[in-house]
Amino acid sequence: MPPIQLYNTRSRSLETFVPLHAPNVTLYHCGPTVYGYAHIGNMRAYVFADTLRRMLEWNGFKTTQVINITDVGHLVSDGDEGEDKIDVGAKREGISIEEVITRYTNAFLSDIDSLNIKRAHYFPRASKHIAEQIALIADLESKGYTYKTSDGVYFDTAKFSHYGDFAHIDVSGLSGGERVELGEKRSITDFALWKFHSGQGIRAQEWDSPWGRGFPGWHIECSAMAMKYLGQTLDIHTGGVDHIPVHHTNEIAQSECSTGKTFARFWMHTAFMNVDGQKMSKSLGNTYRVGELSAHGISPMGYRYWLLTSHYRTQANFTFDAVLGAQKAYDRLRKEIATLPAGNHTPNEQALLRAAKLINNDLNTSRVIALIHDLLIDTTVHATELRATIGAIDRLLGLELLSWKEERIVASKDVELLLEKRLQARNAKDWAESDRIRNELLSAHNILVKDTPSGQEISRA
Ligand code: AMP
Ligand code: ZN
């Protein structure tokens with residue numbers, strides 16, 4: 001196998017990856033805050049994590065993978081202020097904290113299943129690991145890295161001389177700006193490890209601790225749970241690029257000050273996905289849950305295919321046209337593969353080596369997809385080897401390329417309305433109107449309609 005080269009955010013360069021304890025590889029991925037549905041942008045981070053795992057397993061390694069479930073401590077400001085996001089979710093929906101957590105954890109798991117993302121070995125919940133977090137904070141306190149204010153226990157970032165290294169932050173150049181409330185903190189980069197009961201109303205989730213009643217800060221959960229399940233030094237830690245300057249910088253500070261060891265040997269980050277050139281956000285109304293794409297003719301697996309056609313470190317711009325184009329290419333590819341002869345079960349070694357070179361080069365998934373297209377017209381690969389070869393390469397991509405069946409399209413409200421109007425036109429024998437609805441209106445939604453004895457049947461155009 002060619003060596004594995006991965007881009008390490010820590011060194012800002014490609015490095016050869018060799019596990020600390022081969023054949024085992026430990027992977028930690030920052031997981032969802034379960035106060036609402038995860039959107040298709042979040043899913044990019046998990047499809048990436050899944051591809052990383054598949055690549056490592058393809059190379060013969062045994063992975064142990066953790067995705068945490070953030071169910072306490074993530075405040076609305078993303079800093080140390082404001083309400084807990086989970087409390088906000090419970091109030092919004094008029095249900096209990098536990099119900100919010102269960103509802104959105106299950107939704108997350110069903111979304112990742114629909115994208116054929118392998119389930120991680122552990123999905124630890126922050127609220128079930130309070131003792132581990134308290135132990136880590138107590139250890140940092142005993143080593144002199146913390147101080148108390150009237151509202152919590154804070155990490156003193158000035159005590160960690162490498163604090164700014166990871167994100168290339170010039171800490172000395174930072175000062176309390178208008179938007180950042182310094183309060184009693186010694187430095188704006190200091191962050192809460194434990195927040196005290198505020199006395200203003202009851203927080204739904206609080207625990208006793210050596211510092212009194214309260215709840216953990218957001219960052220400490222990842223360090224505590226990563227080290228519990230994977231040991232003090234992880235092979236690879238991932239997240240979205242937004243985590244570099246604060247969350248991951250803080251994870252490194254608290255973990256390395258506690259253990260004196262490197263926390264994660266490789267840090268890998270997914271670039272953001274934008275929608276029509278804009279940030280995805282609830283206020284812009286452009287956040288979609290993966291299942292919602294089906295009303296636009298895009299299946300979760302079509303979306304996965306589209307994600308894999310771009311490199312995880314380049315920003316991706318979601319447009320319905322682009323993703324529908326990918327969906328069609330994906331469908332065509334599987335249809336074509338379905339026509340290949342059953343053949344023998346031995347993959348073509350040369351083709352596998354080509355795939356390994358591409359994927360081991362910092363997960364070049366788009367080139368692996370291109371390779372599969374190339375193989376279909378490559379005369380040096382015998383037709384009888386093709387199915388087995390593509391099947392073997394597909395274990396890297398997780399695209400289920402060998403299984404083709406026409407997917408049922410779920411009609412959106414608009415499409416349902418048009419179908420209803422077309423039916424009325426047909427009943428009135430207004431064939432011109434019926435054709436206009438089919439040719440102009442439904443085709444604009446990329447929907448083909450066929451009249452069958454059991455009614456109008458739709459498929460993707
Ligand atoms: P959150 O639930 O907000 O903590 O985010 C879960 C994961 O999704 C994190 O790794 C984020 O960095 C990542 N993420 C959030 N928004 C996007 C986006 N638009 N594109 C790609 N990744 C994202
Ligand atoms: Zn994290």
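Start by selecting His 129, which sits in the loop between helix H3 (97-114) and helix H4 (130-142). The model is a predicted one. With 6% relative accessibility, His 129 counts as buried, because the cut-off for buried is under 20%. Show its side chain: a polar atom there lies 2.7 Å from the backbone oxygen of Arg 125. Then display Pro 124, Met 225, Lys 228 and Tyr 229, which are in contact with His 129 when neighbours within four places in sequence are left aside.

**Helices H9 and H10**

Next, select residues 349-359, helix H9, together with residues 365-377, helix H10. Their axes are 8 Å apart and the packing angle is about 160°. An angle over 145 degrees counts as roughly antiparallel, so that is how H9 and H10 run relative to each other. The crossing of H9 past H10 is right-handed. For the contact itself, show Ala 351, Arg 354, Ala 355, Leu 358 and Ile 359 on the H9 side, and Thr 365, Arg 367, Val 368, Leu 371 and Leu 375 on the H10 side. Sorted by class, the residues in this contact of H9 with H10 are seven nonpolar, one polar and two charged.

Stay here and pick Leu 363, in the loop between H9 and H10. Its phi is near 55°, a positive value in a residue other than glycine. Most residues other than glycine have a negative phi. Leu 363 counts as buried, at 2% relative accessibility.

**Helices H1 and H7**

Move to helix H1 (residues 40-58) and helix H7 (residues 300-308). These pack at an angle of about 70°, and their axes are 10 Å apart. H1 and H7 are therefore roughly perpendicular to each other. From H1, select Ile 40, Gly 41, Met 43, Arg 44, Val 47, Asp 50, Thr 51 and Arg 54; from H7, select Tyr 303, Arg 304, Leu 307 and Leu 308, and the contact is in view. By class, the contact of H1 with H7 has six nonpolar, two polar and four charged residues.

**Two loop stops**

Select Ala 22 and Pro 23: the peptide bond from Ala 22 to Pro 23 is cis, with omega near 5°. Most peptide bonds are trans. Pro 23 is in the loop between strand E2 (13-16) and strand E3 (24-29).

Finish at Glu 400, in the loop between helix H11 (383-397) and helix H12 (413-427). Here phi is near 50°, again a positive value in a residue other than glycine. Glu 400 counts as partly exposed, with 39% relative accessibility.

Terms used
Residues numbered from 1 in each chain as written. Chains lettered and ligands numbered in written order. Predicted model: local features only at pLDDT ≥ 70, side-chain atom pairs only at ≥ 80, totals over all residues. Heavy atoms only, no water. Helix = DSSP H or I, 4+ residues; strand = E, 2+ residues; numbered from the N terminus. Buried < 20%, exposed > 50% of the residue type's maximum accessible area, 1.4 Å probe, protein only. Polar contact = N/O pair within 3.5 Å; in protein donor to acceptor, adjacent residues only side chain to side chain. Contact = heavy atoms within 4.5 Å. Axes fitted to C-alpha atoms, helices over the stretch in contact; angles between N-to-C directions. Parallel < 35°, antiparallel > 145°, perpendicular 65-115°, else oblique. Left-handed = near helix turned anticlockwise from the far one by under 90°. Nonpolar A, V, L, I, M, F, W, Y, C, P; charged D, E, K, R; others polar.
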